[in-house]
Amino acid sequence: MIYTGFHAVEERIRKTLRDKDNAKNLKVYFSKPGPRIKKILALAKDCGIECIPSDDKQLDSLVQKLPVQEREHRGIVLVCDGENHDGVSVEIEKWLSVEREKATVVILDGVTDPHNIGAVLRSCDQLGADLLIVPSHNTTSSIAENGIIARTSAGASAYVPLATVTNLSRTADLLKENGFWLYAADAAGENICETTFAKKSVIVMGSEGKGISRLLEEKCDKVISIPTCGKIDSLNVSVAAGIILYERLRTINSAQ
């Protein structure tokens with residue numbers, strides 16, 4: 001796994017502060033360090049990560065197989081040996097094995113743009129969501145091989161677990177079996193300002209075009225909506241997810 005972009009590199013390094021055993025698998029390559037890169041290098045050295053002086057030609061070689069939008073390394077590249085996924089990929093069963101009194105999960109159904117997924121991850125980090133779930137088919141085959149999510153999420157992918165699953169419907173059943181209530185986002189639903197969220201909640205978001213699949217929506221306990229006053233049909237999925245996560249966080253905190 002290769003990280004580029006100041007935010008993505010720095011936050012992936014910060015993750016090793018919690019688990020320094022991971023530092024041995026990371027290497028930072030840099031050229032002509034400016035103030036921002038010097039700050040990242042100091043952090044990396046504090047974490048026990050090897051920092052290797054390089055040049056732009058070598059950095060260009062490291063990133064040449066990345067998507068075009070990720071090749072602008074700006075003088076620093078983080079290489080993580082043995083890591084081939086974005087974020088902290090987890091197995092749902094393993095995640096659920098940890099008992100939680102309250103938790104927030106977000107499911108994205110049919111959201112294929114990695115920039116949207118990265119933006120949702122950033123909202124998850126800022127607004128207290130504990131896990132993001134996406135389907136493996138038609139969504140993550142290319143995402144899992146590059147750092148677009150890490151870059152777009154401004155480093156949030158280092159903190160919010162991202163799980164890819166083969167069957168969202170079965171995953172919904174598993175979450176319900178473990179005490180979660182599922183809330184489907186749809187314009188025809190109940191106003192989120194009037195919604196009482198359960199302590200263990202799953203927010204299900206669909207694509208802007210097709211919405212949530214019928215089978216998955218049937219698994220949900222309630223359909224919720226964001227009150228709007230605009231002329232177009234809907235909000236961008238990452239914006240909508242942020243609004244719902246904020247409202248859930250606000251209501252949970254006010255109930256304490």
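Trainee: What do the side chains of Arg-14 and Glu-10 do together?
Mentor: They meet in a salt bridge, at 2.9 Å from N to O. Keep in mind that this is a predicted model.

Trainee: Okay, how far apart are Arg-14 and Glu-10 along helix α1?
Mentor: They sit 4 residues apart in α1, which spans residues 6–15, so about one helical turn separates them.

Trainee: Why does that spacing matter in a helix?
Mentor: An α-helix has 3.6 residues a turn, so residues three or four places apart point the same way.

Trainee: Is Glu-10 buried or exposed?
Mentor: Glu-10 is buried, with a relative accessible area of 6%. Arg-14 is partly exposed, at 29%.

Trainee: Which residues are linked with Glu-10 and Arg-14 in a network?
Mentor: Arg-36 is linked with them in a network of salt bridges.

Trainee: How many salt bridges are there in the whole structure?
Mentor: A search finds 9. One of them joins Arg-214 to Glu-218, with the closest N and O atoms 3.0 Å apart. Both residues lie in helix α8. Arg-214 is exposed at 57% relative accessible area, and Glu-218 is exposed at 53%.

Trainee: New topic: which residues of helix α7 are buried?
Mentor: The buried ones are Leu-168, Ser-169, Thr-171, Ala-172, Leu-174 and Leu-175.

Trainee: And what does Asn-167 do at the start of α7?
Mentor: A side-chain oxygen of Asn-167 comes within 3.0 Å of the backbone nitrogen of Ser-169.

Methods. Residues numbered from 1 in each chain as written. Predicted model: local features only at pLDDT ≥ 70, side-chain atom pairs only at ≥ 80, totals over all residues. Heavy atoms only, no water. Buried < 20%, exposed > 50% of the residue type's maximum accessible area, 1.4 Å probe, protein only. Helix = DSSP H or I, 4+ residues; strand = E, 2+ residues; numbered from the N terminus. Polar contact = N/O pair within 3.5 Å; in protein donor to acceptor, adjacent residues only side chain to side chain. Salt bridge = Lys/Arg side-chain N within 4 Å of Asp/Glu carboxyl O.
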